[in-house]
Amino acid sequence: APIEKYLLTLPKDKFDGVQTSIGQMWHRSRNYTGYRYARFDVHISDQISHPNELKKQYTELLSQKMDGFKNQEIETITVGREMNDQDETKKDMVTIEVAGNEDVEYLDLKASIKNQIENEKLGLELVKEVNEFDDKWIFTPDTNRLAQHQMSLGSLTEQLRSYFVPHELMQIRIFGETQWIYTEIERADQINEKQLNQMTVLNTLGLSVPLRQLGSWSQKKQLATIQHKNGKRLFTFDLAFKPSESMNLTIAKEQGEKITSQMREQFPTYEIALLDADRAETNSRAWALKVALLCIALVMFTLALILGSLSLPFIVGLPIPFGLMGIVWALYLHDMPMGMMSLVGLLGTVGVSVNDSLIMVDQMLYKARKLGQFNRDVILKGASSRLRAITLTTVTTLGGVFPMAYGLGGESGFTQPLAFSLGWGLLFSTILTLFALPAFILILLDFKSLGSKLLKKISGNKTPPEVFQDSSFEGDERGYSIDQTPQPNPRPEKLTAQTKEHDGPTQFY
C-alpha cells in the first residue's frame with residue numbers, strides 16, 4: 001500500500017495512472033503467483049513524444065526511491081521498463097545449460113554458480129525459478145502382496161490416479177455454452193500419510209484392500225520439472241544483468257564464460273555451455289544473416305550480367321562492406337545492439353548503396369565507350385559528373401530516415417533501429433562511394449595495365465596496350481574501336497559532318 005500511494009503522486013501530465021496486481025507478477029519471463037507477489041504498472045501518457053527518455057529518467061528515480069521501502073517484510077523490489085503491449089523477453093539474460101547423466105544434484109550446480117558470482121563480484125544475478133521444487137508423495141508397492149491379491153502394477157496405478165485426477169464424465173450444453181462434468185473423490189486439500197494409508201483399491205475379486213497392505217508411502221522433495229536433451233538430464237540456469245554503461249550483453253557473456261569454465265573443471269563429466277537466453281532473437285538474427293548473404297550474392301550476379309564483366313561487380317559492390325562498417329561503428333558508438341531490425345536496415349542499405357555506385361560506374365563506362373579507352377580522365381569525369389546526383393539522392397533519403405532514427409518529433413518505437421542502421425549505413429557508404437570508389441577503380445586499372453605490359457613483354461611485343469582491357473570496352477556502337485581508330489560508317493551518304501555532344505548518346509544531324 002505505501003508503494004502504491006507513492007506511485008499515485010507521480011506527475012499527472014506525464015503518467016496516465018497506476019495499475020496494481022496483487023497475487024501475480026510477470027518478471028524475467030516467469031509468471032509468479034501467490035499472495036507474496038505484487039506488480040505495479042505505471043502507464044506513460046500518450047501525449048509524451050519521447051517515452052523512452054522518460055522511462056530511463058524515472059527508472060533511475062524509482063530504483064532509488066524503492067530502496068527506502070525495503071524492510072523485513074519485503075524481500076526484493078525490482079524496477080524495469082517495457083514497451084507498451086509487449087511482454088518482457090530474456091534480452092537482459094544469458095543461460096547456462098548443463099547436460100549429463102552423472103548423479104550430480106541440481107542444488108550443487110546451483111550453489112556452484114551462486115558462489116562464483118559472490119566470490120568474483122560479477123554483475124550477474126541467478127534468476128529464481130518459479131516453484132522449482134515440489135513436495136511429492138511416492139508409493140512403493142510390495143510385489144509379493146500384489147501377487148497375493150492378483151493385482152498388476154498397471155491396475156494399481158490406474159486406481160491411484162483416480163484419487164488425484166478428476167475423471168471427465170460427460171459434456172452438456174447450458175444456455176449455449178459447453179459445460180464439462182467430472183467425477184472426483186472428495187478429499188482434503190492437504191493430504192497426510194494417515195489419509196493416504198486409509199485409501200483402498202479393488203482387487204480382481206472386487207474386494208476392497210487398504211493401501212497400507214500393498215506397500216508404503218514416503219514424502220520427497222523433487223524438481224517440479226524434469227528435462228532431458230538427447231537422452232541426458234538437462235538443467236538450465238538463467239543469469240540476469242541490469243543494463244548500464246558498465247554492463248551489457250557482451251560483458252555478461254564474458255562473465256558467464258568465466259563461470260562455465262570453472263564449472264567444467266568442477267564437473268568434468270557434464271556438458272556445460274553458455275547460450276543466449278532469448279533463443280527466438282538469436283534464431284532471427286541467424287536467419288537475417290543468411291538472407292543478407294543471399295541478397296549480396298544475387299546483387300553481385302545481377303551486376304555481372306549488366307556490366308558484362310567479372311571484375312567490375314566487385315568494385316561496384318564495395319559500398320556493401322562500406323555500409324556494414326558504418327552500421328557497426330554507429331551502433332557501437334550509440335551503445336545499441338545488432339538486433340533483428342538493425343539487420344533489416346542492413347538489407348536496405350545493400351540495395352540503396354549499390355545504386356549510387358552503379359550510377360557512377362555506368363557514367364564512367366559511357367565516357368569510356370565514347371572515347372574508346374578507359375583512363376584516369378574518364379574516371380575523374382565520370383565521378384565528378386555524378387557527384388551532384390548521388391549527393392542529392394542521399395541527402396533526401398537521409399532527411400526522411402534520420403528524424404525517425406533519432407526520434408525527432410516523436411519516437412518511432414521498434415522501427416527505430418531499422419531507420420538508424422539504414423541512415424548511417426547509407427551515409428557512410430555514400431561518402432566512400434564518392435571518394436574511395438574512383439580510387440579503387442584506378443588501382444584496378446593500374447593492375448590490369450601492369451599485367452598487360454608483363455604479358456606483352458613476355459610475348460615479345462614491345463608496344464603495351466594503353467587501354468583498360470575488359471569485355472565492357474572491347475567494342476563501341478558509336479563507330480570507335482578499342483585502339484581509337486575510327487571505323488568507316490556503313491552508310492555515310494545519310495549523315496552529315498556535323499555532330500553534337502551532350503550528356504546523352506551522340507546524335508547525328
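Is K232 buried, partly exposed or exposed? K232 counts as partly exposed because its relative accessibility is 26%, where buried means under 20% relative accessible area, exposed over 50%, and partly exposed in between (1.4 Å probe, protein chains only). The legends below describe a predicted model, in which local features need pLDDT of at least 70, side-chain atom pairs count only at pLDDT 80 or more, and totals for chains, interfaces and linings use all residues. Residues are numbered from 1 along each chain as its sequence is written, and side-chain values use heavy atoms, with hydrogens and water left out.

**Figure 1. Overview of the protein chain.** The protein chain has 14 helices and 15 strands; helices (H or I, at least four residues) and strands (E, at least two) are DSSP runs, numbered from the N terminus. Of its 509 residues, 32% count as buried. The accessible surface comes to about 32,200 Å², and 55% of this area belongs to carbon and sulfur atoms; accessible areas come from the Shrake-Rupley method with a 1.4 Å probe, and for residues only the protein chains shown count as cover. A contact means heavy atoms within 4.5 Å. Among contacts with a separation of 6 or more, 68% join residues 24 or more positions apart.

**Figure 2. Salt bridges.** A salt bridge is a side-chain nitrogen of Lys or Arg within 4 Å of a carboxyl oxygen of Asp or Glu, and by this rule the count comes to three. K232 pairs with E271, with the closest N and O atoms 2.6 Å apart. This pair links distant parts of the chain, since K232 is in strand β12 and E271 in strand β13 (residues 271–276), 39 residues apart. E271 is partly exposed, at 46% relative accessibility. R39 forms a salt bridge with D41, where the closest N and O atoms are 2.9 Å apart. In the bridge between D67 and K70, the corresponding distance is 3.8 Å. D67 is partly exposed at 48% relative accessibility, and K70 is partly exposed with a relative accessible area of 42%.

**Figure 3. The largest nonpolar core.** A nonpolar core is a set of buried Ala, Val, Leu, Ile, Met, Phe, Trp, Tyr and Cys residues joined through side-chain atoms within 4.5 Å. In soluble globular proteins, nonpolar side chains tend to be buried together. The largest core here has 26 residues, and those with the most contacts inside it are M360, M364, F374, L437 and I441. Two or more residues come from each of α8 (279–307), α9 (312–316), α10 (319–333), α11 (340–371), α12 (376–385) and α14 (416–459). Helix α11 gives the most to this core, with seven residues. Leaving aside neighbours within four places in sequence, L437 is in contact with I315, L318, S357, M360, V361 and L432. Apart from this core lies another, of 23 residues, including I96, I117, M247 and A252.

**Figure 4. A buried aspartate in a strand.** D238 is placed in strand β12 (residues 232–240). D238 counts as buried because its relative accessibility is 4%. The side chain of D238 makes a polar contact with the side chain of T95 (2.7 Å). A polar contact is a pair of N or O atoms within 3.5 Å; within protein, one must be able to donate a hydrogen and the other to accept it, and residues adjacent in sequence count only if both atoms are side-chain atoms.

Figure 5. M325, W329, Y332, L333 and F428 make a nonpolar surface patch of about 600 Å². Patches are made of residues with over 30% relative accessible area and no salt bridge: like charges are joined within 9 Å, nonpolar side chains (Val, Leu, Ile, Met, Phe, Trp, Tyr) within 5 Å. Helix α10 provides the largest share of the patch, four residues. F428 is in helix α14 and is partly exposed, with a relative accessible area of 33%. F314 lies in helix α9 and counts as exposed, at 56% relative accessibility.

**Figure 6. Two loop residues with positive phi.** Most residues other than glycine have a negative phi. K121, although not a glycine, has a positive phi of about 55 degrees. This residue is found in the loop between α3 (106–120) and β4 (125–126), and K121 counts as exposed at 74% relative accessibility. F175 is likewise not a glycine and has a positive phi of about 50 degrees. The place of F175 is the loop between β6 (167–174) and β7 (177–183), and F175 counts as exposed at 85% relative accessibility.
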